[in-house]
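Please prepare a briefing on the model shown below, grouped by topic and with the cut-offs behind each term spelled out.

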Amino acid sequence: MNHLLLPAPLETSEHGGPGTLPGAATSLYHDPQLAGAARLLVQTLGAATGWSLLPAPADQADIVLRHRADVPDGPGTVQHHEGYRLDTTSGRVLIEAAGEPGACYAVQTLLQLLGEPAFRRAPASEVSWTLPAVTIADAPRCGYRGVLLDVARHFIPKNDLLVMIEALAAHKLNVLHLHLTDDQGWRIEIRRYPELTQRGAWRARSARGDWRAGHYDETPHGGFYSQGDLREIVAFAAQRQVTIIPEIDVPGHSQAAIAVYPWLAGLADDEAPEVWDRWGVNELVLDPSEASLEFYRAVLDEVLQLFPSPWIGLGGDEVPLTQWEASPQARQRAADLGLPDVAALHGWFLDRLADHLRAHGRRPAFWDEAAEGDVGRGALIHCWREYSRGVEALAKGFDVVMCPERHLYFDYAQSDSPDEPIPVGRVTTLESVYDFDPIPAGLDDTLPGRLLGAQGNLWTEQLDSPRRVQYAAFPRLCALAENLWSPAETRDYADFALRLETAHLARLSAMGVEYRPLSGPLPWQKRPGVLGTLHHGLPTDATGGGQSS
């Protein structure tokens, strides 16, 4: 019995008939340790109902938030105190949690119990705010429940990003991995280097569909987040228990920075490229010099001031060696460092920036290519290629997050219908996401690394607007959320699909999320003819569907 909740809670039981909150007179009590969750409740339910939720003593309040140290966490919790208990059987609402995370998740469950109107930003109609008489004991299966959002290929304006964060929080997803820089754009204000956003945040045109087809949208594209924007975004996410991991991708995926400062790639000023206007893997990479390292240390100093995340992403994926192999300076650099070849410069360069993060009490996050090199074992590895890459990283002692492109690339098509608006990659259906298991079968639990969880990746080469991003993300993120929260042994796709269609899609609509209907894309969501043919079921390097499309 789950009362159409999503993700499905660990334990639910019903006791008697429903009750109703007393309207504008509804009152609230919270222990001081749970003040943040109380603010979230006032902001969300207060906005949807128009109620003030005035404070009252604990024995009189209609909604009570109690701090209880004995509320257990889930088995794979990374952030402590994510478990909660919720009880509505006494005619009041009692929430118990050992800390803010669990209490905030209880608030999200309470909103779902109250129905779709609770997700609106203002009172939309006369509603009887009825609650079933239930007790719920809940905690997550996995501690890292994440989403990568690429805002470099196509910029997502701040307000649309806040809507996405709100939607992640409603699904108890707790990490937003924000891909801020790439060949096609630099999206974070760095005050020491203002031209990174004055020039590097803008490109003259954009490839449309599979770049091999040679179609372009000639409209200039760009945008960036000011430091004030980013502080607001981080605070908004933190209020909802979402950690933002910023990613500054090096030493590949860097042409936007190189376009502004060509010396970063060992180029003269008159050799400066444009900000890249196509997709795919770029052979232009950073020069592995001390000057490049100093530049990025200065960038990271400002990143560290903006993002309190324990992890800072440094990328490290898709770094062709062509440029370094042809460079006498790079070959000499490798020899001077005692490295066997220029390939070893990849791990060396990444670890020098990781040293800078570690000196400031933070940990680097890399894509799984970095685990093949000589980087410190304190790093977090995002495994995007195959399960086996993640297992290899675990065997080396790394913390690992699974996000294999065969299963969790949400820029891929959701069916093989010719109407799907994605022309690259494999078909990744809602059911296949639901059936994905972040824990590989037969995984040796004695490996020295930790498997923290998984994340879905939203690369935006083919997602050129917030509406496209929401279409690609939902409802597949709903499936991933339940996959990572609910016990594996109790998950059932038919039951999930029933809850999704019966209740949850209406919640998404109330939040303003333009999801893909279960029946297929709406007319405006269908693919424009210029984008070409869907390449599904082919190897990644044949489709352009790895990290780069």
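The lining of the largest cavity comprises six nonpolar, one polar and one charged residues, where Ala, Val, Leu, Ile, Met, Phe, Trp, Tyr, Cys and Pro count as nonpolar, Asp, Glu, Lys and Arg as charged, and the others, Gly among them, as polar. The model is predicted, and local features need pLDDT of at least 70, side-chain atom pairs count only at pLDDT 80 or more, while totals for chains, interfaces and linings use all residues. Residues are numbered from 1 along each chain as its sequence is written, and side-chain values use heavy atoms, with hydrogens and water left out.

**Cavities**

- The structure holds two cavities of 30 Å³ or more, a cavity being a set of points, on a 1 Å grid over the protein atoms alone, where a 1.4 Å probe fits but cannot get out, with lining residues having an atom within 4 Å of a point.
- The largest cavity has a volume of about 60 Å³, a volume being the space filled by probe spheres set on the grid points, which are joined across faces, edges and corners.
- L149, I156, D160, L161, M164, P466, V469 and Q470 line the largest cavity, and helix 3 (158-170) and helix 14 (466-473) each supply at least two residues of that lining; helices (H or I, at least four residues) and strands (E, at least two) are DSSP runs, numbered from the N terminus.
- The second largest cavity holds about 50 Å³ of space and is lined by G19, T20, L21, T88, G91, R92, V93 and L131, which by class are three nonpolar, four polar and one charged residues.

- Strand 18 (residues 243-250) pairs with strand 19 in the parallel sense over two bridges, and two strands pair if DSSP finds at least two bridges between them.
- Strand 19 is also joined by four bridges to strand 20 (residues 363-367), the two running parallel.
- G313 of strand 19 is the bridge partner of E247, and A365 in strand 20 is the bridge partner of G313.

- Seven strands form an open sheet with mixed pairing, in the order 1-9-6-7-5-3-4, and its edge strands, strand 1 (11-14) and strand 4, each pair on one side only.
- Within this sheet, strand 6 (residues 84-87) and strand 7 (residues 93-97) run antiparallel and are joined by four bridges, with L86 standing opposite I95 in strand 7.

**Aromatic and charge-ring contacts**

- A search of the whole structure finds 19 aromatic pairs, where rings of Phe, Tyr and Trp (its six-membered ring) pair if their centres lie within 6.5 Å, and planes under 30 degrees apart count as stacked, over 60 as edge-to-face and the rest as tilted.
- The ring centres of W51 and W129 are 5.9 Å apart with the planes at 75°, so the pair is edge-to-face.
- W51 lies in the loop between helix 1 (35-49) and strand 4 (54-55), and W129 in the loop between helix 2 (100-114) and strand 8 (130-131), so the pair ties together parts that are 78 residues apart in sequence; W51 and W129 are both buried.
- The rings of Y409 and Y412, with centres 5.6 Å apart and planes at 55°, form a pair that is therefore tilted; Y409 counts as buried at 0% relative accessibility, and Y412 counts as buried at 0%.
- One aromatic cluster is formed by W186, Y193, Y261, W263, F295 and Y296.
- K172 lies over the face of W485, at 5.7 Å from the ring centre, and R491 lies over the face of Y434, at 5.8 Å from the ring centre; a charge sits over a ring if NZ of Lys or CZ of Arg is within 6 Å of the ring centre and within 35 degrees of the ring normal.

**Covered and exposed helix residues**

- Helix 15 (residues 476-485) is mostly covered, with ten of its ten residues buried, including R476, E482 and W485.
- A359, in helix 10 (residues 344-359), counts as exposed at 65% relative accessibility.
- A359 and G50 are 309 residues apart in sequence and 48 Å apart in space, C-alpha to C-alpha.

Conventions
Buried means under 20% relative accessible area, exposed over 50%, partly exposed in between (1.4 Å probe, protein chains only). On a 1 Å grid over the protein atoms alone, a cavity is a set of points where a 1.4 Å probe fits but cannot get out, and a pocket is an open set with protein on both sides within 12 Å along at least five of seven lines; lining residues have an atom within 4 Å of a point.
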